[in-house]
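Dear colleague,

Please find below the structure that I am handing over to you.

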Amino acid sequence: MSHSELPRSSWQGQLLHFISRRRHKVYLSCGIAMFLMFTIWICGTLGPYDGFSTRFDTSKRLPASPGEEDSGRGKKSSTNTIQLIPPKLWQILLPQKDTKVVLDAKTLEHTASWLVLNPDYAYTLVGQKGSQEFIESRFANKPKVINVYNSLPNVGMKADLLRYLILHSEGGTYTDIDTVAIKPVDAWVPQNLRDKVRLVVGIEFDRRDGGGWADIPHWLQFCQWTISAAPGHPIFEKMAARVLQSVEDLSLKHGVPVNKLKPTNFEVMNSTGPTAWTDVVFEHLQQYDPSLQTTKDLSFMTEPKLYGDVLVLTIDGFGMGQSHSHSTHDGTIPDAALIRHLFRGSWRGD
(Lines give C-alpha, C1' and ligand atoms only; values in the text may rest on other atoms or scores of the structure.)
Protein backbone atom coordinates (compact mmCIF):
# COMPACT_ATOMS: atom_id res chain seq x y z
CA MET A 1 0.00 0.00 0.00
CA SER A 2 1.38 3.41 -0.90
CA HIS A 3 1.55 6.34 1.49
CA SER A 4 -1.41 7.97 -0.24
CA GLU A 5 -3.57 4.89 0.35
CA LEU A 6 -3.23 4.98 4.13
CA PRO A 7 -6.27 6.47 5.81
CA ARG A 8 -5.63 9.89 7.30
CA SER A 9 -7.34 8.78 10.54
CA SER A 10 -4.73 6.11 11.27
CA TRP A 11 -1.72 7.12 13.32
CA GLN A 12 0.57 5.69 10.62
CA GLY A 13 -1.06 7.85 8.00
CA GLN A 14 -0.85 10.98 10.11
CA LEU A 15 2.80 10.32 10.84
CA LEU A 16 3.68 9.73 7.19
CA HIS A 17 1.70 12.79 6.14
CA PHE A 18 3.57 14.91 8.71
CA ILE A 19 6.93 13.56 7.59
CA SER A 20 6.06 14.16 3.92
CA ARG A 21 4.98 17.74 4.62
CA ARG A 22 8.13 18.39 6.68
CA ARG A 23 10.35 16.96 3.96
CA HIS A 24 8.79 19.27 1.35
CA LYS A 25 9.30 22.24 3.66
CA VAL A 26 12.97 21.34 4.05
CA TYR A 27 13.37 21.02 0.28
CA LEU A 28 11.58 24.31 -0.26
CA SER A 29 13.67 26.07 2.42
CA CYS A 30 16.92 24.79 0.90
CA GLY A 31 15.80 25.91 -2.55
CA ILE A 32 14.95 29.41 -1.35
CA ALA A 33 18.26 29.68 0.52
CA MET A 34 20.24 28.63 -2.54
CA PHE A 35 18.32 31.10 -4.73
CA LEU A 36 19.01 33.96 -2.30
CA MET A 37 22.72 33.08 -2.08
CA PHE A 38 22.96 33.01 -5.89
CA THR A 39 21.14 36.35 -6.19
CA ILE A 40 23.42 38.01 -3.60
CA TRP A 41 26.50 36.65 -5.38
CA ILE A 42 25.29 37.95 -8.75
CA CYS A 43 24.44 41.40 -7.35
CA GLY A 44 27.79 41.63 -5.60
CA THR A 45 29.69 40.65 -8.73
CA LEU A 46 27.76 42.78 -11.17
CA GLY A 47 27.77 46.00 -9.19
CA PRO A 48 26.85 49.38 -10.66
CA TYR A 49 29.03 51.18 -13.18
CA ASP A 50 31.61 53.19 -11.27
CA GLY A 51 32.32 55.99 -13.70
CA PHE A 52 35.50 54.82 -15.43
CA SER A 53 35.41 54.97 -19.18
CA THR A 54 36.18 51.44 -20.33
CA ARG A 55 36.18 48.41 -18.09
CA PHE A 56 36.45 44.67 -18.65
CA ASP A 57 35.82 43.33 -15.17
CA THR A 58 35.09 40.01 -13.53
CA SER A 59 34.29 41.78 -10.26
CA LYS A 60 33.33 45.43 -9.90
CA ARG A 61 33.18 45.46 -6.13
CA LEU A 62 35.30 48.24 -4.71
CA PRO A 63 37.93 47.38 -2.10
CA ALA A 64 37.45 48.22 1.54
CA SER A 65 38.82 51.41 2.97
CA PRO A 66 42.54 51.40 3.82
CA GLY A 67 43.27 49.32 6.92
CA GLU A 68 40.10 47.25 6.69
CA GLU A 69 40.42 43.48 6.30
CA ASP A 70 38.80 42.43 3.06
CA SER A 71 39.39 39.23 1.12
CA GLY A 72 38.65 41.17 -2.06
CA ARG A 73 41.82 43.23 -1.61
CA GLY A 74 44.16 40.43 -2.52
CA LYS A 75 44.11 37.11 -4.21
CA LYS A 76 44.94 33.66 -2.92
CA SER A 77 47.60 31.81 -4.85
CA SER A 78 47.57 28.09 -5.51
CA THR A 79 49.33 27.61 -2.16
CA ASN A 80 46.72 29.73 -0.34
CA THR A 81 49.21 32.57 0.18
CA ILE A 82 47.41 35.90 0.20
CA GLN A 83 48.70 38.22 -2.50
CA LEU A 84 48.21 41.73 -1.13
CA ILE A 85 48.15 43.46 -4.52
CA PRO A 86 44.68 43.01 -6.06
CA PRO A 87 44.19 41.65 -9.61
CA LYS A 88 43.42 44.95 -11.33
CA LEU A 89 45.00 46.60 -14.35
CA TRP A 90 44.81 50.36 -14.90
CA GLN A 91 45.70 52.51 -17.90
CA ILE A 92 45.06 56.21 -18.51
CA LEU A 93 44.23 57.96 -21.76
CA LEU A 94 43.64 61.70 -21.38
CA PRO A 95 43.37 64.20 -24.22
CA GLN A 96 46.07 66.72 -25.00
CA LYS A 97 45.05 70.31 -24.38
CA ASP A 98 42.20 71.46 -26.65
CA THR A 99 42.00 68.08 -28.39
CA LYS A 100 39.89 64.95 -28.16
CA VAL A 101 41.15 61.42 -27.67
CA VAL A 102 40.74 59.31 -30.76
CA LEU A 103 40.33 55.69 -29.73
CA ASP A 104 41.36 53.18 -32.34
CA ALA A 105 43.10 49.82 -32.45
CA LYS A 106 46.52 51.41 -32.92
CA THR A 107 46.20 53.63 -29.85
CA LEU A 108 45.81 50.58 -27.63
CA GLU A 109 47.72 48.05 -29.71
CA HIS A 110 49.91 47.02 -26.77
CA THR A 111 47.05 46.65 -24.30
CA ALA A 112 46.30 43.21 -25.72
CA SER A 113 49.56 41.89 -24.24
CA TRP A 114 48.31 42.82 -20.75
CA LEU A 115 44.90 41.22 -21.26
CA VAL A 116 46.29 38.01 -22.73
CA LEU A 117 48.84 37.47 -19.94
CA ASN A 118 46.42 38.44 -17.15
CA PRO A 119 43.06 36.88 -18.11
CA ASP A 120 41.53 36.98 -14.63
CA TYR A 121 42.40 40.63 -13.97
CA ALA A 122 39.91 43.48 -14.04
CA TYR A 123 41.01 46.01 -16.68
CA THR A 124 40.09 49.69 -16.66
CA LEU A 125 40.96 52.35 -19.21
CA VAL A 126 40.48 55.69 -17.47
CA GLY A 127 39.47 58.54 -19.75
CA GLN A 128 38.68 62.20 -19.22
CA LYS A 129 35.10 61.75 -18.00
CA GLY A 130 35.91 58.82 -15.76
CA SER A 131 38.91 60.55 -14.23
CA GLN A 132 36.82 63.60 -13.42
CA GLU A 133 34.12 61.52 -11.77
CA PHE A 134 36.71 59.55 -9.83
CA ILE A 135 38.48 62.64 -8.48
CA GLU A 136 35.26 64.42 -7.52
CA SER A 137 33.67 61.40 -5.82
CA ARG A 138 36.66 59.89 -4.03
CA PHE A 139 38.18 63.19 -2.92
CA ALA A 140 35.06 65.24 -2.27
CA ASN A 141 36.40 65.99 1.23
CA LYS A 142 39.76 67.15 -0.16
CA PRO A 143 38.94 70.20 -2.29
CA LYS A 144 42.63 71.07 -2.75
CA VAL A 145 43.21 67.78 -4.57
CA ILE A 146 40.25 68.44 -6.86
CA ASN A 147 41.30 72.05 -7.50
CA VAL A 148 44.92 71.17 -8.31
CA TYR A 149 43.96 68.28 -10.56
CA ASN A 150 41.52 70.44 -12.52
CA SER A 151 44.09 73.25 -12.80
CA LEU A 152 47.12 71.25 -13.93
CA PRO A 153 48.08 72.63 -17.36
CA ASN A 154 50.00 69.60 -18.60
CA VAL A 155 48.36 66.28 -19.50
CA GLY A 156 51.41 64.41 -18.24
CA MET A 157 51.07 66.02 -14.82
CA LYS A 158 47.38 65.11 -14.69
CA ALA A 159 48.12 61.50 -15.61
CA ASP A 160 50.88 61.36 -12.99
CA LEU A 161 48.68 62.56 -10.14
CA LEU A 162 45.77 60.43 -11.30
CA ARG A 163 47.76 57.16 -11.20
CA TYR A 164 48.88 57.84 -7.62
CA LEU A 165 45.32 58.56 -6.50
CA ILE A 166 43.90 55.50 -8.27
CA LEU A 167 46.47 53.15 -6.76
CA HIS A 168 45.93 54.68 -3.33
CA SER A 169 42.18 54.14 -3.55
CA GLU A 170 41.93 50.92 -5.54
CA GLY A 171 45.32 49.24 -5.69
CA GLY A 172 46.38 47.00 -8.55
CA THR A 173 48.85 47.56 -11.36
CA TYR A 174 49.09 50.80 -13.32
CA THR A 175 50.95 50.83 -16.63
CA ASP A 176 51.30 53.35 -19.46
CA ILE A 177 49.62 52.50 -22.77
CA ASP A 178 53.04 52.40 -24.46
CA THR A 179 54.18 49.42 -22.42
CA VAL A 180 54.20 45.75 -23.41
CA ALA A 181 53.63 42.98 -20.87
CA ILE A 182 56.25 40.23 -20.93
CA LYS A 183 55.27 38.17 -17.88
CA PRO A 184 51.96 37.85 -15.98
CA VAL A 185 51.65 40.20 -13.02
CA ASP A 186 51.18 37.15 -10.80
CA ALA A 187 54.78 36.21 -11.58
CA TRP A 188 56.26 39.56 -10.55
CA VAL A 189 56.44 38.79 -6.84
CA PRO A 190 58.15 35.58 -5.67
CA GLN A 191 55.79 33.09 -4.05
CA ASN A 192 57.42 33.39 -0.62
CA LEU A 193 56.99 37.18 -0.59
CA ARG A 194 53.41 37.55 -1.77
CA ASP A 195 52.01 38.07 1.70
CA LYS A 196 54.62 40.76 2.42
CA VAL A 197 54.90 42.89 -0.75
CA ARG A 198 52.56 45.88 -0.97
CA LEU A 199 54.47 47.88 -3.55
CA VAL A 200 56.56 46.92 -6.60
CA VAL A 201 58.81 49.56 -8.17
CA GLY A 202 61.30 49.43 -11.02
CA ILE A 203 64.40 51.37 -12.01
CA GLU A 204 64.44 53.75 -14.97
CA PHE A 205 68.01 55.00 -14.79
CA ASP A 206 71.17 53.83 -13.01
CA ARG A 207 74.25 55.97 -13.54
CA ARG A 208 76.59 53.20 -12.39
CA ASP A 209 80.03 54.13 -13.80
CA GLY A 210 78.68 56.36 -16.53
CA GLY A 211 77.84 60.01 -16.72
CA GLY A 212 74.71 61.79 -15.58
CA TRP A 213 71.74 62.59 -17.78
CA ALA A 214 70.06 65.94 -18.31
CA ASP A 215 66.92 66.42 -16.19
CA ILE A 216 67.84 63.43 -13.98
CA PRO A 217 69.38 64.73 -10.72
CA HIS A 218 69.54 61.35 -9.00
CA TRP A 219 72.26 58.74 -9.35
CA LEU A 220 69.47 56.18 -9.68
CA GLN A 221 65.90 57.00 -10.65
CA PHE A 222 62.75 54.94 -10.22
CA CYS A 223 60.24 54.76 -13.05
CA GLN A 224 56.53 55.37 -12.66
CA TRP A 225 55.34 54.21 -16.08
CA THR A 226 54.49 50.95 -14.30
CA ILE A 227 53.66 50.58 -10.60
CA SER A 228 52.03 47.72 -8.73
CA ALA A 229 50.58 48.29 -5.27
CA ALA A 230 48.13 47.32 -2.56
CA PRO A 231 45.40 49.89 -1.88
CA GLY A 232 46.09 52.40 0.85
CA HIS A 233 49.87 52.20 0.68
CA PRO A 234 51.16 55.30 2.53
CA ILE A 235 53.60 56.17 -0.23
CA PHE A 236 50.77 57.48 -2.43
CA GLU A 237 49.48 59.85 0.20
CA LYS A 238 53.02 61.19 0.55
CA MET A 239 53.34 61.47 -3.21
CA ALA A 240 50.05 63.32 -3.52
CA ALA A 241 51.24 65.77 -0.83
CA ARG A 242 54.50 66.23 -2.76
CA VAL A 243 52.57 67.03 -5.93
CA LEU A 244 50.33 69.58 -4.24
CA GLN A 245 53.28 71.32 -2.60
CA SER A 246 55.41 71.28 -5.76
CA VAL A 247 52.65 72.75 -7.89
CA GLU A 248 52.03 75.48 -5.33
CA ASP A 249 55.76 76.26 -5.31
CA LEU A 250 55.82 76.51 -9.11
CA SER A 251 52.87 78.88 -9.04
CA LEU A 252 54.65 81.13 -6.53
CA LYS A 253 57.95 80.91 -8.41
CA HIS A 254 56.46 82.01 -11.74
CA GLY A 255 53.89 84.39 -10.25
CA VAL A 256 50.95 82.87 -12.11
CA PRO A 257 48.01 80.64 -11.10
CA VAL A 258 48.46 76.91 -11.59
CA ASN A 259 46.34 76.78 -14.74
CA LYS A 260 48.62 79.37 -16.37
CA LEU A 261 51.85 77.52 -15.68
CA LYS A 262 54.09 76.52 -18.57
CA PRO A 263 56.40 74.08 -16.80
CA THR A 264 59.70 72.93 -18.25
CA ASN A 265 60.39 69.24 -18.69
CA PHE A 266 62.37 69.18 -15.48
CA GLU A 267 59.64 71.02 -13.57
CA VAL A 268 57.13 68.39 -14.68
CA MET A 269 59.40 65.53 -13.64
CA ASN A 270 60.30 67.19 -10.34
CA SER A 271 56.73 67.97 -9.34
CA THR A 272 54.62 65.00 -10.47
CA GLY A 273 56.98 62.75 -12.44
CA PRO A 274 59.81 60.29 -11.83
CA THR A 275 62.16 62.72 -10.08
CA ALA A 276 59.57 63.48 -7.39
CA TRP A 277 58.53 59.82 -7.30
CA THR A 278 62.15 58.79 -6.69
CA ASP A 279 62.44 61.23 -3.77
CA VAL A 280 59.33 59.84 -2.09
CA VAL A 281 60.11 56.17 -2.73
CA PHE A 282 63.70 56.51 -1.52
CA GLU A 283 62.62 58.26 1.68
CA HIS A 284 60.26 55.36 2.29
CA LEU A 285 63.04 52.80 1.74
CA GLN A 286 65.24 54.63 4.23
CA GLN A 287 62.68 53.95 6.95
CA TYR A 288 63.43 50.24 6.56
CA ASP A 289 67.15 50.54 5.85
CA PRO A 290 68.79 53.56 7.52
CA SER A 291 72.11 52.62 5.92
CA LEU A 292 70.79 54.02 2.62
CA GLN A 293 72.28 57.50 2.30
CA THR A 294 71.71 58.32 -1.38
CA THR A 295 70.19 56.52 -4.36
CA LYS A 296 73.76 55.61 -5.33
CA ASP A 297 73.57 52.96 -2.61
CA LEU A 298 71.04 51.12 -4.80
CA SER A 299 73.26 51.20 -7.89
CA PHE A 300 74.49 47.97 -9.53
CA MET A 301 71.53 45.90 -8.31
CA THR A 302 71.74 42.35 -9.65
CA GLU A 303 68.55 40.92 -8.18
CA PRO A 304 65.29 42.27 -6.74
CA LYS A 305 65.42 43.28 -3.10
CA LEU A 306 62.74 43.69 -0.45
CA TYR A 307 62.78 46.81 1.74
CA GLY A 308 59.97 46.46 4.26
CA ASP A 309 56.90 46.01 2.05
CA VAL A 310 58.52 47.42 -1.11
CA LEU A 311 60.02 45.12 -3.74
CA VAL A 312 62.65 46.98 -5.79
CA LEU A 313 63.35 45.38 -9.17
CA THR A 314 66.59 45.46 -11.14
CA ILE A 315 66.92 47.69 -14.20
CA ASP A 316 65.61 44.94 -16.53
CA GLY A 317 62.45 44.46 -14.45
CA PHE A 318 60.61 47.48 -15.87
CA GLY A 319 63.46 49.09 -17.85
CA MET A 320 64.84 46.59 -20.35
CA GLY A 321 65.68 47.67 -23.90
CA GLN A 322 67.40 50.95 -22.98
CA SER A 323 70.88 51.91 -24.17
CA HIS A 324 72.10 52.90 -20.71
CA SER A 325 72.13 51.73 -17.10
CA HIS A 326 73.31 48.24 -18.05
CA SER A 327 69.83 47.55 -19.41
CA THR A 328 69.63 44.57 -21.76
CA HIS A 329 69.29 45.96 -25.29
CA ASP A 330 70.84 43.30 -27.53
CA GLY A 331 67.54 42.12 -28.95
CA THR A 332 67.04 39.38 -26.37
CA ILE A 333 64.56 39.33 -23.53
CA PRO A 334 66.30 38.69 -20.19
CA ASP A 335 64.66 36.48 -17.59
CA ALA A 336 64.34 39.45 -15.22
CA ALA A 337 62.23 41.44 -17.73
CA LEU A 338 58.58 41.80 -16.74
CA ILE A 339 57.50 44.57 -19.12
CA ARG A 340 58.98 46.78 -21.82
CA HIS A 341 58.45 50.50 -22.12
CA LEU A 342 58.42 51.86 -25.67
CA PHE A 343 58.84 55.55 -24.76
CA ARG A 344 56.08 56.88 -26.97
CA GLY A 345 54.71 59.28 -24.38
CA SER A 346 53.43 62.61 -25.66
CA TRP A 347 53.36 64.79 -22.54
CA ARG A 348 56.40 66.94 -23.35
CA GLY A 349 55.58 70.43 -24.44
CA ASP A 350 51.86 70.10 -23.68
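How are helix 3 and helix 4 oriented relative to each other: roughly parallel or roughly antiparallel? Please bear in mind that the model is a predicted one. The axis of helix 3, which covers residues 128-138, and that of helix 4, residues 143-151, come within 9 Å and cross at roughly 160 degrees. Angles over 145 degrees count as roughly antiparallel, and helix 3 and helix 4 are therefore roughly antiparallel to each other. The crossing in which helix 3 passes helix 4 is left-handed.

On the side of helix 3, the residues that meet helix 4 are S131, Q132, I135 and E136; their partners in helix 4 are I146, Y149 and N150. By class, the residues of this contact comprise 3 nonpolar, 3 polar and 1 charged.

The second pair consists of helix 6 (residues 234-254) and helix 8 (residues 274-288), whose axes come within 10 Å and cross at roughly 140 degrees. This angle makes helix 6 oblique to helix 8.

Helix 6 contributes P234, I235, F236, K238, M239 and R242 to the contact, while helix 8 contributes A276, W277, D279, V280, V281, H284 and Q287. The residues in the contact of helix 6 with helix 8 divide into 8 nonpolar, 2 polar and 3 charged.

Yours sincerely

Notes: Residues are numbered from 1 along each chain as its sequence is written. This is a predicted model: local features need pLDDT of at least 70, side-chain atom pairs count only at pLDDT 80 or more; totals for chains, interfaces and linings use all residues. Side-chain values use heavy atoms; hydrogens and water are left out. Axes are lines fitted to C-alpha atoms, for helices over the stretch in contact, and angles run from 0 to 180 degrees between N-to-C directions. Helices (H or I, at least four residues) and strands (E, at least two) are DSSP runs, numbered from the N terminus. Angles under 35 degrees count as roughly parallel, over 145 as roughly antiparallel, 65 to 115 as roughly perpendicular and the rest as oblique. A crossing is left-handed if the near helix is turned anticlockwise from the far one by less than a right angle, and right-handed if clockwise. Contact means heavy atoms within 4.5 Å. Ala, Val, Leu, Ile, Met, Phe, Trp, Tyr, Cys and Pro count as nonpolar, Asp, Glu, Lys and Arg as charged, and the others, Gly among them, as polar.
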